[in-house]
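This report describes salt bridges, nonpolar packing and a metal site in turn.

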Amino acid sequence: MTAVAEVRQARPLMPVEQALAQLLALAEAAPIGDAESLPLAEAEGRVLASDLVASLDLPPWPNSAMDGYALRLADWQGEPLPVSQRIFAGHAPQPLQPGTCARIFTGAPLPAGADCVEMQENTAEAEDGRVRFLEPLTSGQNIRPQGQETRKGEQVMSAGTRLGPIELGLAASLGYDRLQVVRKVRVAVLSTGDELVEPGLALGPGQIYNSNRRLLVSWLQRLGCDVVDAGILPDDLARTRACLAELVDVDLILSTGGVSVGEADYLGAALREAGELALWKLAIKPGKPLTFGHFQGVPVIGLPGNPASTLVTFGLLTRPYLLRRQGVTDVTPLRFDMPAGFDWPKPGTRREYLRARIEQGQVRIYKNQSSGVLRSAAWAEGLVEVREGSTPKQGDRVPFIPFSELLG
Ligand SMILES: Nc1nc2c(c(=O)[nH]1)N[C@H]1C(S)=C(S)[C@@H](COP(=O)(O)OP(=O)(O)OC[C@H]3O[C@@H](n4cnc5c(N)ncnc54)[C@H](O)[C@@H]3O)O[C@H]1N2
Ligand code: MOO
Ligand SMILES: [Mg+2]
């Protein structure tokens, strides 16, 4: 059968879960093995290459959780105690003199011999500057013990953790100024289509502006990828082959357009020729013709050209693939079950991802869900998932995936 005859054949659509599982398995088979050491300031968005082990106890010594007074409980018989020292954060205390208390401030080291801190609001000044404790006291109160957060030698983050502000803060709290991270994934972005013109230039007849390139390049940069802009590729089989053959030193070729069954859709043909088309046609809407293959050993993901299809298939399938190649285990976006603020009477044969937002606690969908309408996504705050065959009605709970789960 010729390639053209083959693509004209109807074939069953692959369920989204199955496609994702296959993509993740392919990602695991091609891990980005190299690591580099980076200062914390440059590590945001990157993936930890090795487990991070605490090099010290945290906190390194017992300290006060309150501004107040430290004392030894056994020294207190209900009478006011004299103050024998003042201890500020960042300063070393003297051992506590028996029969006295110490003025102490939040974060200051507890003096040896003290086993209790009382907040100043529960004290009163007595004669000679002594301190009267007004409430019952218990041993250990308001003390943050040494190692309460982390013990030296304990694993605090595992390889494959993505480093955001919180993880970087945690590494800093343990004194790390550099981390071993997986090297950046190199992704070539290719926009296919005779109709495409870059913004800023004049449009000729039949032309439109290339929006997918900007969307993908910005998104990939957020994901910590090294982007190679491979420009616009005209709809031509020979040019497609030649272009793919040049992109040899990348980890992934990510193209848009040219994956459906039109006579100017050449990406699938080029991959089919090269004998390595692993995935094509998914039960997803938008995004059905998503394509995965290899060209001369380099993985290629062909996203459908319609901008909303590009967005959905990048967010739900390509993003997890790229993260898994860096060793990230948890690549599943959170979904929140929310009451539908719409009726969906017609059951579909593909899993639909509708551009939606939350209004008054309900999921509302954009009026025009055409895959060519990127404005729907700009209006939206996320995607609502409608499963194959299901017909949610007003008030039924539907899974909502916020864009914030996908964009970073
Ligand atoms: N006979 C059939 N036709 C189509 C089918 C089908 O099953 N049978 N599927 C439709 C679906 S679903 C989709 S999605 C599209 C996917 O098409 P391609 O991936 O081949 O993309 P193109 O045909 O090249 O372009 C589609 C659409 O998107 C616009 N586009 C492309 N690239 C960009 C870009 N970088 N920036 C902005 N807009 C872009 C392009 O102009 C087209 O309008 O196929 C359906 N057809
Ligand atoms: O699957 Mo296409 O992406 O609906 O327009
Ligand atoms: Mg097409």
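## Salt bridges

Arg 72 and Asp 75 are joined through their side chains by a salt bridge (3.3 Å, N to O), a term for a side-chain nitrogen of Lys or Arg within 4 Å of a carboxyl oxygen of Asp or Glu. This is a predicted model, in which local features need pLDDT of at least 70, side-chain atom pairs count only at pLDDT 80 or more, and totals for chains, interfaces and linings use all residues. Side-chain values use heavy atoms, with hydrogens and water left out, and residues are numbered from 1 along each chain as its sequence is written.

The whole structure contains 20 salt bridges. In one of them, Arg 324 meets Glu 28 at 2.4 Å, N to O. Because Arg 324 belongs to helix α7 and Glu 28 to helix α2, this pair ties together parts 296 residues apart in sequence; helices are DSSP runs of H or I with at least four residues, strands are runs of E with at least two, and both are numbered from the N terminus. Arg 324 is buried at 16% relative accessibility, whereas Glu 28 is partly exposed at 47% (buried is under 20% relative accessible area, exposed over 50%, partly exposed in between; 1.4 Å probe, protein chains only).

## Nonpolar core

The largest nonpolar core has 45 residues, a core being a set of buried Ala, Val, Leu, Ile, Met, Phe, Trp, Tyr and Cys residues joined through side-chain atoms within 4.5 Å. Helix α7 gives the most to this core, with 8 residues.

## Magnesium site

The magnesium ion (ligand 3) is coordinated by Asp 265 (OD) and Asp 265 (OD), at 2.4 Å. Asp 265 lies in the loop between β17 and α6 (267-273).

Key. Chains lettered and ligands numbered in written order. Donors = N, O, S within 2.8 Å, 3.2 Å for Na, K, Ca; no water.
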